[in-house]
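Reader: Please show me the model, and then let us go through it by question and answer.

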Amino acid sequence: MDTFIWLGILLITAGITVLCLGLMRHFESALLQRRIFCGVMTALFVLPAVFLSVKYPLNAGIVLLHLTGFMLGAMIVDGIMDHGKKKKNTGKRWIRITVSAMTGCFLYLLAGYVNADLVRRTEYAFETTKAIPDGSLRIAQISDAHLGTALNSRELKSVLERIGRENVDFLVVTGDLVDENTSRKEMQKACEAFAAAKYIPKIIYVAGNHEAAEDGDVTEAELFEALEESGVLVLRDQVATVRGCQIVGRMDASESRQNISQLMKEVDPSNYIVVLDHQPNDFDREAAAGVDLVLCGHMHGGYVLPLGLVGPLFSGMFQDADRIAGTETRGSTNFVVSTGAGQWGCSFKTGTRSEYVIIDICGR
C-alpha cells in the first residue's frame with residue numbers, strides 16, 4: 001500500500017512542479033521567480049518527508065541528518081567552484097546550493113527507501129575440520145524482519161520461497177521477527193508463510209529484544225505459540241540437533257539468560273556447533289567456549305551511512321557491539337552479523353542493505 005501512496009505523492013509533486021515552472025514564465029520579477037522556485041523545491045522535499053515521519057518519527061531525524069550532510073557538501077563544492085571569482089551573487093549562490101542539496105538528498109533517500117524494501121541475497125562460506133554429514137552444510141538466515149515497517153508478511157513469504165530454492169539444510173531466524181508496530185494479522189500471516197515453506201526442511205527461531213515489547217499488539221508468548229503451531233522450532237537457552245549439528249539457541253541479551261559456558265555443557269564438542277544469538281556482543285566468551293559458528297543480527301548494518309562508519313569509534317553508541325555487520329573470525333570461531341531483512345523505526349537503509357544470508361560450511 002505504501003508503494004501506491006509514494007507513487008501518488010511523486011505524481012502529484014511532479015504535476016505541481018510542472019505547473020509552477022510554467023506559471024513562473026508569466027512573472028517578470030526575477031526575485032519572485034526565484035522565490036516560487038525555492039518554494040516548489042521545498043514542497044517537493046518536505047511533503048514526502050512529512051508523510052513518512054507521521055508514521056515513524058525517526059524518519060524526520062534521518063532526513064534532517066542527510067540534508068545537513070548534503071548542504072555541507074554543496075557548500076564545499078560551490079566554494080571550490082567559486083574560488084578566485086571576484087563577483088558573487090549571494091542570492092543566486094544560496095539558491096544553487098539549496099536546490100542542489102535538496103535534489104541530491106531527495107534522490108539519495110529515495111534510493112535508501114527502495115534499498116530498505118528490496119531484500120537481497122548475501123553468501124558466505126567457511127571450512128571446518130569437523131565431520132559433517134555428506135561433507136557440506138547449507139544454512140539460511142533471516143534476521144530483524146520487524147514485520148510491518150519495511151517488510152510485510154507477503155514479502156516475507158516471497159523471501160522464504162527464494163530460500164526454498166536454495167536447497168538449504170535448515171533456516172534460522174535470529175530475532176526481531178515482530179516489534180511493537182506489528183499487527184496480530186501480520187504475525188499470523190507470517191506464521192502461515194513459515195508453515196507453507198515446504199522446501200525448507202527445518203526452521204529454527206530465537207527471540208530478539210523487540211518480541212518482549214509490552215506496548216505491542218502481539219505478546220511474546222502468543223508469538224512463540226503461533227510459531228510452534230506452524231512447525232517452527234523455538235529455542236530459549238536450549239540445544240537441538242539438526243542435520244548432525246548442535247544448534248544452541250540463546251535468549252536475548254536483554255533478558256536473564258544462561259551464559260554460553262553453561263549452555264555448552266549440553267553440547268557434544270565433536271559435532272559442528274552453531275550458536276544463534278540475536279545481539280552481537282558476546283564474541284569473546286563464545287569464541288572461548290569453542291563454538292564453530294555464531295549467527296547474529298540486531299545492528300541493521302548501522303541503519304544509515306554515517307552511523308555504520310563512525311559508530312564503532314564511539315564506545316556505547318551501538319551498545320558496545322562486537323560487530324555492526326558482515327563476518328569476523330576469532331580463534332576458530334566464525335561470526336556472521338546480518339544487516340536484517342527489514343527495518344525498525346524508519347523507512348530508509350542508506351548505509352547498508354536488506355538481506356537474507358546463505359552460509360555454506362565445507363567439512364573434511
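Author: One term is needed at the outset: buried means under 20% relative accessible area, exposed over 50%, and partly exposed in between, with a 1.4 Å probe and protein chains only. This is a predicted model, in which local features need pLDDT of at least 70, side-chain atom pairs count only at pLDDT 80 or more, and totals for chains, interfaces and linings use all residues. Residues are numbered from 1 along each chain as its sequence is written, and side-chain values use heavy atoms, with hydrogens and water left out.

Reader: Is Cys191 buried or exposed?
Author: The relative accessible area of Cys191 is 3%. The limit for buried is under 20%. Cys191 is therefore buried.

Reader: How many disulfides does a search of the whole structure find?
Author: A disulfide is a pair of cysteine sulfur atoms within 2.5 Å. With that cut-off, the number found in the whole structure is 0.

Reader: Which residues touch the most other members of the largest nonpolar core?
Author: A nonpolar core is a set of buried Ala, Val, Leu, Ile, Met, Phe, Trp, Tyr and Cys residues joined through side-chain atoms within 4.5 Å. The largest one has 35 residues, and α6 gives the largest share, 5 residues. The residues that touch the most other members are Leu177 and Tyr205.

Reader: Which side chain does a polar contact of 2.9 Å join to that of Thr174?
Author: Thr174 is found in strand β3 and is buried, with a relative accessible area of 0%. A polar contact is a pair of N or O atoms within 3.5 Å; within protein, one must be able to donate a hydrogen and the other to accept it, and residues adjacent in sequence count only if both atoms are side-chain atoms. The side chain joined to Thr174 belongs to Ser143.

Key. Helix = DSSP H or I, 4+ residues; strand = E, 2+ residues; numbered from the N terminus.
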